[in-house]
Amino acid sequence: MPSNAGRRDLLNWLLGIWGGGVVGSIAYPVARYLTPPDVPEASMQSVNAGSGRALPPNSGRIVPFGSQPVLLIRTSAGALRAFSATCTHLACTVQYRPDLERIWCACHDGQYDLNGRNVAGPPPRPLEGYDATEQGDDIVITRRS
Amino acid sequence: MTRTAAVRLAVLAVAVALWPCRSPAQITVDRATAAFRDDVHGAGGLTCASCHKVDAAGQPRYDAMPRPSIAPMCARCHGDAAYMRKFAPQVRIDQYSQYLTSTHGKRMAAGEVRVATCIDCHGAHGVLRVSDPRSPVAPANVAPTCGRCHADPARMTPFRRMDNPPADWAVSVHAAALLKRGDTSAPTCNSCHGSHGATPPGVTDVVNVCAQCHVREAQLFRASPKKDIFDALGQAECLACHSNHRIESPSDSLIGLEKGAVCAECHDETGESAATIRTMRGDLDRLSAGLSSADAVLTRAERAGMLVDEGRAALRDAREHQVQTRVLVHSFAAQPFDEAARLGIGSASRAQEDGEAAIRELQVRRRGLAVATLAILAFLVTLWLKIRRLPVGPQDSTRA
Amino acid sequence: MGGRLREWLEDRLPLADLVDALRHKTVPHHRYSVWYYFGGMTLFLFGIQVGTGALLLLYYRPSAAEAYESVQFIVGRVPFGWLIRSIHVWSANLMVASAVAHFFSVLFLHAYRPPRDLTWMSGMVLLLLTLAFGFTGYLLPWNQVSFFATRVGTDIAASVPGIGEFIVRFMRGGKDVTGATLTRLFGFHVAILPAIATLLVGLHLLLVQRHGMSTPPSVERRAAEDPRTIRTIPFLPHFLLRDLFAWTIVLALLAGLSTFYPWELGVKADPFAPAPAGIRPEWYFLWAFQTLKYVPPTVAGINGELLAVAVMGAAAAGAVLLPLFAGHNHGSRRIVVWIGTGALGFMAIMTWLSLRGGQP
């Protein structure tokens, strides 16, 4: 049977091991927390919408902004426009019609012009606008405050 | 009778004759005058004499106008472009000519006075603009106004007409949109029948009427085999499946071969259409099931505190595809329909996966917690043993 | 190597004196000594708050436009962010509970008697500061519940005559609860209140070291007859290891609560939406909230709410200054026990009624 001193040493040793485990289970989450995540900040103010070259004039595409869709358009003149893609009538997702050069909702034939104003059909309000700018090769869409 | 009594009676008679109370005719005039204060004609400077005949002394005569003469009288001004330009340059001036083409106008011209003319819908003395919400022809009020006759069996029976359209419309999705949600783009009686030229659309023209708003469905229908078949049968288009006034929210169960489904009224198990119908219904059911299952798992994850943005975006996508799939029903063909349904089912399963991943992450957390708790428990047990074996036990206060 | 390091440090810092003092410190051990642990527990939880709070500060943004989203980001995207945030909230609740337990145990064991009156007063202010920490922190996630609870809570200050309006404007940073309120309460929560609390905790601990742990009068009386009643245990290592034991249990509890009952985000605050049904403050304010609901609109011509707030204010002031009136003799201590029991019972019943959803 180990002597008292021996048992005390064993106890202290075990205490050290398990204590280290406890400290580790605190230090590990904290260390992971301190490391910045891949997406460094909440994308509720602005979103990278991909390459500018992939958007020719007189075309549009839908880009996710958080969980909401945004319609990004490049007009025939080359200007960038961005609007909420949720139709103000009954919340269908709108699309860009190159033949009409207008934003069109397939559900009830609602139409918006390139300033987002509702110009034909049932939609009662214009589409909410976003700012779209080119930064280098990428297009960045920002919410308007 | 004594002279005194006769004199008293005479005085009484004169007093009664001269007493300032109003005759029934006077009451109507007073009511009309009061209503005219709010009238758009009154605001424009017109007076009683503008419409009512004036006698030799220049006083208007308020006899009831013969009903057939009312519309021509209104048209004297409302059909005169130069005159109307002075008050409202943009207002139309073809109401009378439209009226003459309408069922009401034709019957009135043939001598039937029990049909509607201008004053029955617009009122006579308190006429308001259509844009005024109090007007009987403001969009929200049109159905009750038409219903004054068209929902009254006493009025409709002599013409051998049904009296249910207004009541049917009132329980439709269009009524709910207009009256409950205030969506003024939703159709009411005049949207489909016309207002001044009111006539029910011909059987082959119905699709054009609905196509005013439901463009996609109409395009698909016109390109489908059904258009020619329905026209040949004299079968009313859209109405055959959706009804004309009592248009309710369509459900997937309208498609199918079982009793209660609309297709079953013409189609049965034999024939090649049966396979298409069964495919369509199967796809719709799978899509609907996928959506509700994804929604359930995403909600469970959200309730547990997890964030599922991508899942919600995928679910939104799936809903879009479901709308498109349901529209593609009107092509009555398996092909573009199947494609859209498959895209929807794909999005729904992506949403489902995202939700399930979030739930799995919860399990990972719990396992991590179990590991940490084990370390803590081992530590506590060892610490307790150490405390018990501490060399110096509790002491007497006298020994400190 | 370790010995050389210790020598180097001891030449420069008064480590030896500190360790010596602690080695001589003893803690009484009697039937009530389990209550001694609550002070240290409150301090431990405060330490957890400072630690997790500092970590949250790395990602939180104190503006109305970004606060909610930043908390959403912490909970959803930052690794273990969910854990840090839930521990912060649960530990806040446990700290208030521990502080209240500490308060009542000191009250009933009469540890506020001289020479510990200054310890008591600094402790009372610390208790009020803890409640202020809870109130200011509650708004920071900027969700519907906390927005409207803050509006209702700050409205109560308006009933104070004369300076009521000023107090409300001071707390809100303006007339209404806005982004300015968020930034202001954030400043209080992370800088001003911690600075004051640190100073007071330092004073409180210094005084506890100076005067040692108090022995309740009933135990002292029994010890006069039987010396074996009071035993003492050394602070180092006996009491400290027991402290550590309790702290570790609470740590495990916090981890478990955070995993199985994570705190929810709620819905982002919308000042123009109607107030959600059943707005309630935090649980530790529920008793006051419910009392105010029961008070009639006027009592003998005075505004009922004002009267209730005045009574609660007077009670708090009385509690802070308690050692000046009572504790020196048996009679006054009996009164203190009665009042304390009544207060505890009142607060418990009011809290229960509020949770039940009782409307007067």
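Select chain B and show its surface. The accessible surface of this chain comes to about 24000 Å², and carbon and sulfur atoms hold 59% of that area. Keep in mind throughout that this is a predicted model.

Stay with chain B and switch to a cartoon. The chain contains 21 helices and 1 strand. Its radius of gyration is 37 Å, well over the 21 Å that the globule rule gives for 400 residues, so chain B is more spread out than a compact globule. Turn the view along the principal axes: the C-alpha atoms fill a box of roughly 140 × 90 × 50 Å. Of the 400 residues in this chain, 31% count as buried. If you display contacts with a separation of 6 or more, 55% of those in chain B are between residues 24 or more positions apart.

Next, go to chain A and colour its strands. An open sheet of 6 strands is found here, with antiparallel pairing and the order β1-β10-β9-β4-β3-β2. Select 46-51 and 59-65 of chain A: these are β1 and β2, the edge strands, and each pairs on one side only. Looking across the sheet, neighbouring strands are turned by 30 degrees against each other on average, direction ignored.

To find the pairing on screen, pick S46(A), which stands opposite T142(A) in β10(A).

Then move to A91(A), in the loop between β4 (80-84) and β5 (95-97) of chain A. Phi of this alanine is near 70 degrees, a positive value in a residue other than glycine.

The remaining stops are in chain C. Start at F80(C), in the loop between α4 (67-76) and α5. F80(C) has a positive phi of about 65 degrees although it is not a glycine.

Show the backbone between P114(C) and P115(C): a cis peptide bond joins them, with omega about 5 degrees.

Finish at P237(C), which lies in helix α11, residues 235-260 of chain C. What kind of peptide bond joins L236(C) and P237(C)? The bond is cis, and omega is about -5 degrees.

Definitions and conventions:
Residues numbered from 1 in each chain as written. Chains lettered and ligands numbered in written order. Predicted model: local features only at pLDDT ≥ 70, side-chain atom pairs only at ≥ 80, totals over all residues. Heavy atoms only, no water. Helix = DSSP H or I, 4+ residues; strand = E, 2+ residues; numbered from the N terminus. Pairing = 2+ DSSP bridges. Axes fitted to C-alpha atoms, helices over the stretch in contact; angles between N-to-C directions. Rg over C-alpha atoms; globule rule 2.2 N^0.38 Å. Buried < 20%, exposed > 50% of the residue type's maximum accessible area, 1.4 Å probe, protein only. Contact = heavy atoms within 4.5 Å. Areas by Shrake-Rupley, 256 points an atom, 1.4 Å probe, with all protein chains shown as cover.
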